[in-house]
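I opened the model to look up a few local features and wrote down what I found. The entries follow.

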Amino acid sequence: MPKVSVIIPVYNVEQYLERCLDSVCNQTLKDIEIICVNDCSTDNSLQILQEYAAKDSRIRVIDLDKNIGEAAVRNLAFEEIKSEYFGFVDSDDTIDKNFYEVLYNNAEKCDADISKGVIVKYDSDKQEWLIPEWSALNSEIQKNIACFINSHTTAIYKTQIIKAHSIKYHEGIHNLVDSYFLLQVIKYAKKFVSTDDVRYYYYTTPNSVSNRRTLDTFKNTIEGVKVDFELLNHLGFDSNSYMPMFKYLVRVVVWRCANPFMDDYITTTATKTLLMLFEKCLYKEEFLINYFTEKKNLARKEILTQLRRNIK
């Protein structure tokens, strides 16, 4: 049985796929299986996968005859896992050569349900790889695992957790799918371990969902926030776990308003969403609305102004 299953969803990424596969195939931890799910790509992605699979027996290619979306692809891949732990690599990203060896050894040493590394994104201004501002530091997550609300690709997870609790990705949303998954994992994980010694390299590409600031992206984000918030309220977290997740969802709404399509519809929709979040917050007495006033973005200021008018 392999030690780690690596799930790679693939859809029209011929330009980046070889870079990703080289990164995974050349891991110092050799005892892995690589599950590549081709989500009905229309470019040469499938051919690339087949060429790599012919050279590396650890690669399994699942070729779908219709496009089902990234969340459904991950759920499908869950059924194929044969190892004790699993992780994800997006098909346009890369990882350190010892990424899975370090994470697996740490997990085994501590009998951890989650073993995490670090995500970095290239800063073109500083010309170096840096931790994105939206990703919590491992030091923060060690103090409160609930801070691990995004960047699901930075970790490996014990397979038994998703099997025992039927954990799935939500297939009806396009944004914040990682948060939906992590909310469930965090609920049931008993042991978390992390290291800053290995990196997951996150690349922004023109086709990345996270790189598109359009009206459709905004609508998808709002829908994702609502779905995640409903799950958050349903899972029964205590205040210490609830509040970091809640504040993250609020920040997402505010951040998504800072786009070139800012208009009355976006402002109004975001304001209504924030009002809904606050009204249904299970620990509203601990929600510090002034926490967000330090941000200088005009869209945020406008939303906060309207929010204060409506909160009594």
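I looked up Ser166 and found it in the loop between helix H6 (159-165) and helix H7 (177-188); helices here are DSSP runs of H or I with at least four residues, strands are E runs of at least two, and both are numbered from the N terminus. This is a predicted model, where local features need pLDDT of at least 70, side-chain atom pairs count only at pLDDT 80 or more, and totals for chains, interfaces and linings use all residues. Residues are numbered from 1 along each chain as its sequence is written, and side-chain values use heavy atoms, with hydrogens and water left out.

I read a phi near 50° for Ser166, a positive value in a residue other than glycine. Most residues other than glycine have a negative phi. Is Ser166 buried or exposed? Ser166 counts as exposed, because its relative accessibility is 53% (buried is under 20% relative accessible area, exposed over 50%, partly exposed in between, with a 1.4 Å probe and protein chains only).

I then turned to Ser151, in the loop between helix H5 (138-143) and strand S8 (155-158). Its phi is near 60°, also positive. Ser151 has 5% relative accessibility and therefore counts as buried.

Buried residues are 53% of the 312 residues.

Last, I checked a helix pair. Leu17, Glu18, Leu21, Asp22 and Cys25 in H1 meet Ser45, Ile48, Leu49 and Tyr52 in H2 (contact means heavy atoms within 4.5 Å). By class, I noted six nonpolar, one polar and two charged residues in this contact (nonpolar: Ala, Val, Leu, Ile, Met, Phe, Trp, Tyr, Cys and Pro; charged: Asp, Glu, Lys and Arg; polar: the others, Gly among them).
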